[in-house]
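Welcome! Here is a short tour to read alongside the sequence and the 3D view.

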Amino acid sequence: MTDRPAGPQRCTVRVAGHAVHPTRLRRHLDQGGGAGEPVVVLGAVGDVVVLGRGAELWRYRNHDPGRLVALAAVPGCRALLDVRHGLLVVRRGPQDAGSVFSLQPADHLPHPCAAG
């Protein structure tokens, strides 16, 4: 028997593609929170999320691609890619503070998750 609550476990790894590192988020927010390129979340295959901007496709790893894709599927959703800090901010509406995802370039080897 464990003391852990039932339900999904949250990843505690603070590397690219996993839990958002507070310093990266703070630096993003210090730029006004609007830093980044507008992108469209096209989908995911495994842990690789595909983002589009014009004719360009960008591929990144994220440990929770299903949640990312589901949030981005809301009509009127906006997604901003902050390449400098490795973050994707998904806002479902003008009053939504947004959900922030840490990204790792897809051509890098993935790091394993750790539940906390």
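## A first look

Leu-80 stands opposite Val-89 in S5. That pair is a handy place to begin, and the tour widens from there.

This is a predicted model, in which local features need pLDDT of at least 70 and side-chain atom pairs count only at pLDDT 80 or more, while totals for chains, interfaces and linings use all residues. Residues are numbered from 1 along each chain as its sequence is written, and side-chain values use heavy atoms, with hydrogens and water left out.

**The overall plan**

- The chain holds 2 helices and 7 strands; helices (H or I, at least four residues) and strands (E, at least two) are DSSP runs, numbered from the N terminus.
- Read from the N terminus, the elements follow the order α-β-β-β-α-β-β-β-β.
- Of the 116 residues of the chain, 35% count as buried, where buried means under 20% relative accessible area, exposed means over 50%, and partly exposed is in between (1.4 Å probe, protein chains only).
- Among contacts (heavy atoms within 4.5 Å) between residues at least 6 apart in sequence, 51% join residues at least 24 apart.

**The sheet**

- The 7 strands make an open sheet in the order S6-S5-S4-S1-S2-S3-S7, with antiparallel pairing; two strands pair if DSSP finds at least two bridges between them.
- S6 and strand S7 (104–105) are at the edges with a single partner strand each, so one side of each has no neighbour in the sheet.
- Helix H1 (residues 22–30) packs on this sheet and touches S4, S5 and S6, with its direction at about 65° to that of S5; such axes are lines fitted to C-alpha atoms, for helices over the stretch in contact, and angles run from 0 to 180 degrees between N-to-C directions.

**Strand S4 and its partners**

- Strand S4 (residues 78–82) is largely enclosed by the rest of the structure, because 4 of its 5 residues are buried.
- On one pairing, S4 meets strand S1 (residues 37–45) in the antiparallel sense over 3 bridges, and Pro-38 stands opposite Leu-80 there.
- S4 also pairs with strand S5 (residues 87–91), antiparallel and over 5 bridges, with Ala-79 opposite Val-90 in S5.
- The hairpin of S4 and S5 has 4 residues between the strands, and Gly-86 takes a positive phi near 65°.

- S1 and S2 pair in the antiparallel sense over 5 bridges, with Gly-43 opposite Val-50 in S2.
- Their hairpin has 2 residues between the strands, and Gly-46 in the turn has a positive phi of about 65°.
- S2 and S3 run antiparallel and are joined by 6 bridges, with Arg-53 opposite Glu-56 in S3.
- The hairpin of S2 and S3 has 2 residues between the strands, and Gly-54 takes a positive phi near 60°.

- Which residues of H2 are buried? They are Pro-65, Leu-68, Leu-71 and Ala-72.
- These residues are on the same side of H2, because they cover an arc of only 130° around the axis, taken from the directions from the helix axis to the C-beta atoms.
- Their cover includes S1, strand S2 (48–53), S5 and strand S6 (99–102), and H2 runs at about 125° to S1.
- The largest nonpolar core has 15 residues, and Val-39, Val-41, Leu-51, Leu-81, Leu-88 and Val-90 have the most contacts inside it; a nonpolar core is a set of buried Ala, Val, Leu, Ile, Met, Phe, Trp, Tyr and Cys residues joined through side-chain atoms within 4.5 Å.
- S1, S2, S3, H2, S4 and S5 each supply at least two residues of this core, and the largest share, 3 residues, comes from H2.
- Leaving aside neighbours within four places in sequence, Leu-88 is in contact with residues including Val-39, Leu-68, Ala-79 and Phe-101.

- Asn-62 lies in the loop between strand S3 (56–61) and helix H2 (65–72), and counts as buried at 1% relative accessibility.
- A polar atom of the Asn-62 side chain lies 2.7 Å from the backbone oxygen of Ser-102.
- His-28 lies in helix H1 and is buried, with a relative accessible area of 1%.
- The C-alpha atoms of His-28 and Gly-86 are separated by 9.5 Å, although these residues are 58 residues apart along the chain.

Terms used
Polar contact = N/O pair within 3.5 Å; in protein donor to acceptor, adjacent residues only side chain to side chain.
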